[in-house]
Amino acid sequence: MSSVKSRKNRNIVVLKSREKAARKVRHGQWFYSFIPFKIFTGGMSQLIPIIAIQEGGTSVDLGYLGGAGSLASMLGGVFWGRLSDKFGRRKVFLILGFIGSSLLAMGLILSTSVKSLIVLTFLYTFFVAATIPIPVSLISREFNKPKIGEATGRFNKIGGWAWVGGLLLGLALLMIIPAKGISLILGSIGILSAVIAVKNIRETPIHLHLKRVSPPTFFFLPRRVSLPKISTLNGELRMLFMSSMLLWAGSMLLLTQFPMLAKEKGFNGRLLYILGLASSTISAMTYLKVGRSLRGNGMHNFFLGQEVRVIALLVLGASIVLTGYAFLGVSILGYMLLGYSWSLMSVSSTAIIAHKSSKKTRGRIAGAYNFVSSGGAIAGNFASGYLASTIGIPGDFAAGVVLAGLSLIPTMKMVKAEGHPLNFGLLLRSRGRGLGL
């Protein structure tokens, strides 16, 4: 009896010692390792199409460029996620993503044609994709269930504002040095994340609670991707998938060619950075607000996000007939609406999948949703070049708006079935309804 009691006391002492050690660890400190990387990728997001246009890229080239980047991101997320799961290592592949993408971005200075730029962009984005699924595992190891959601929000907030900082830096550098030279500076900044990560990222779990939990379905988990058959999805999820595919295809038909329209209107690459800032800043400012205002399973918020995006595309389409400051002002307004729509849809789609699926199928359905959405974006990217070169930018834009508009039909049926009022709700804010713009 005494031996059992002494063993119990000894276990308590050991547990208290471990808890004391754990309290000394600053949970989430490694989040800040991503700041240089997000600054780097934020600046690169607008730099690549600028370089393509300066190299004499056509509408078709911009379509290939966007499609190659989207395809590399989709394939890379699956590849790096599976690789890190197979070897049980996260840190090494994350650092490889930091270094590989930074070096390839610096290599853009060596590109001599649009074709070589497309190849380098594909490889660059493939390594960037390593940084998408791996933080999920790191967060789930370090934080327990009650804290995972809060930690996720904090991680996204830090990265979101660093991305805005990268856009500001890119805009400032574009005013003083050639575009290709900017890739050297941004790539050098990205390397800093690898240096910081070596010291700050831990490979082993440091929380001590009994049960490890999976992270929320906000994330795309490549290790769980096993695309479910359409027949196994319930009717509402099938409509959501169809809606998302149409929406992203329509969006990319228009957005991929917008840099070419800006060039025709007499604007240079600075405008692209300004537009990126308008969109990213609004998204960063509204993520928390959207999360707190979710109604029910999130379907109503998703539909509002779609409405806002269709309005944004209509606004950008209307800019075709404008010039000068009128074109600039309307473009900024359109991109601000795009930023708001992204925060609405990205948060609410998570809630929808969580409500409409079981725990056993949630991971697969989340992965399938990402796959279908990315597939729509890739199709829109590639098709935009063909349409712009055959029927012109106005025809391409019109097709994009029509596809995005059609995406409202499936979700409209879902919203009506749940008894929500069908109104845009852009100004209404009483009782938690509407967006409160």
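Visitor: Is Trp 248 buried or partly exposed in this one?
Guide: This is a predicted model, and in it Trp 248 has 17% relative accessibility. Buried means under 20%, so Trp 248 counts as buried.

Visitor: And what about Trp 342, buried or partly exposed?
Guide: Trp 342 comes out at 37% relative accessibility, so that one counts as partly exposed.

Visitor: What sort of aromatic pair do Trp 248 and Trp 342 form?
Guide: Edge-to-face, with 5.8 Å centre to centre and 70 degrees between the planes.

Visitor: Where do the two sit in the chain?
Guide: Trp 248 is in helix H9 (residues 235–255) and Trp 342 is in helix H13 (residues 324–356). They are 94 residues apart, so the pair links distant parts of the chain.

Visitor: How many aromatic pairs are there?
Guide: The count comes to 17. Phe 79 and Trp 80 also pair: their ring centres are 5.1 Å apart and the planes sit at 80 degrees, so that pair is edge-to-face. Phe 79 is partly exposed at 39% relative accessible area, while Trp 80 is buried at 4%.

Visitor: Which residues do ring pairs link into a cluster?
Guide: Phe 34, Phe 37, Phe 40, Phe 98 and Tyr 124.

Visitor: Switching to H15, how far does it reach from its first C-alpha to its last?
Guide: H15 (residues 392–406) reaches 22 Å over its 15 residues, close to the 21 Å expected at 1.5 Å a residue.

Visitor: Which residues in H15 are buried?
Guide: Ile 393, Asp 396, Phe 397, Gly 400, Val 401 and Ala 404. They cover an arc of only 135 degrees around the axis, so they lie on the same side of H15.

Key. Residues are numbered from 1 along each chain as its sequence is written. This is a predicted model: local features need pLDDT of at least 70, side-chain atom pairs count only at pLDDT 80 or more; totals for chains, interfaces and linings use all residues. Side-chain values use heavy atoms; hydrogens and water are left out. Rings of Phe, Tyr and Trp (its six-membered ring) pair if their centres lie within 6.5 Å; planes under 30 degrees apart count as stacked, over 60 as edge-to-face and the rest as tilted. Buried means under 20% relative accessible area, exposed over 50%, partly exposed in between (1.4 Å probe, protein chains only). Helices (H or I, at least four residues) and strands (E, at least two) are DSSP runs, numbered from the N terminus. The expected span of a helix is 1.5 Å times one less than its number of residues. The arc is that of the directions from the helix axis to the C-beta atoms.
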